[in-house]
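I opened this notebook page to record what I looked up in one protein model.

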Amino acid sequence: MIEPAAADVGRAVIYTGNLYPGGKVEEGVITSFNHWQVFVRYRGDTHAKATSREDLEWAHPTLRELGEDIAV
């Protein structure tokens, strides 16, 4: 699950809602979001699709998002 902020528009995400045997994951880019949905343009699509936050993961998570402490 992701919690996007305004700075995350344009960031790559992975749709994980199909994680069952034979299911596929899809990569896309956040185009916008609101309180309930994240709008993601998936590869090959011309328009964004509303997607639940629970079904998305960051394609390239930061250390903070991975839950790791950053040594200073």
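The entries below follow the order in which I consulted the structure.

Entry 1, the model. I note at the outset that this is a predicted model. I looked up the secondary structure of the protein chain and found 1 helix and 5 strands. Read from the N terminus, the elements follow the order β-β-β-β-β-α.

Entry 2, the sheet. I then asked in what order the strands lie in the sheet. The 5 strands form an open sheet ordered β4-β3-β2-β1-β5, and the pairing is antiparallel. At its edges I found β4 (49–51) and β5 (56–58), each of which pairs on one side only. From one strand to the next, the twist averages 50°.

I read the span of the C-alpha trace along its principal axes as about 40 × 30 × 20 Å. The protein chain has 72 residues, and 26% of them count as buried. Among contacts with a separation of 6 or more, 41% come from residues 24 or more positions apart.

How many side chains are positive and how many negative? I recorded 7 positive and 11 negative side chains. The centres of these two sets lie 7 Å apart.

Key: Residues are numbered from 1 along each chain as its sequence is written. This is a predicted model: local features need pLDDT of at least 70, side-chain atom pairs count only at pLDDT 80 or more; totals for chains, interfaces and linings use all residues. Side-chain values use heavy atoms; hydrogens and water are left out. Helices (H or I, at least four residues) and strands (E, at least two) are DSSP runs, numbered from the N terminus. Buried means under 20% relative accessible area, exposed over 50%, partly exposed in between (1.4 Å probe, protein chains only). Contact means heavy atoms within 4.5 Å. Lys and Arg count as positive and Asp and Glu as negative; His and the chain ends are not counted. The place of a charge is taken as NZ of Lys, CZ of Arg, CG of Asp or CD of Glu. Two strands pair if DSSP finds at least two bridges between them. Axes are lines fitted to C-alpha atoms, for helices over the stretch in contact, and angles run from 0 to 180 degrees between N-to-C directions.
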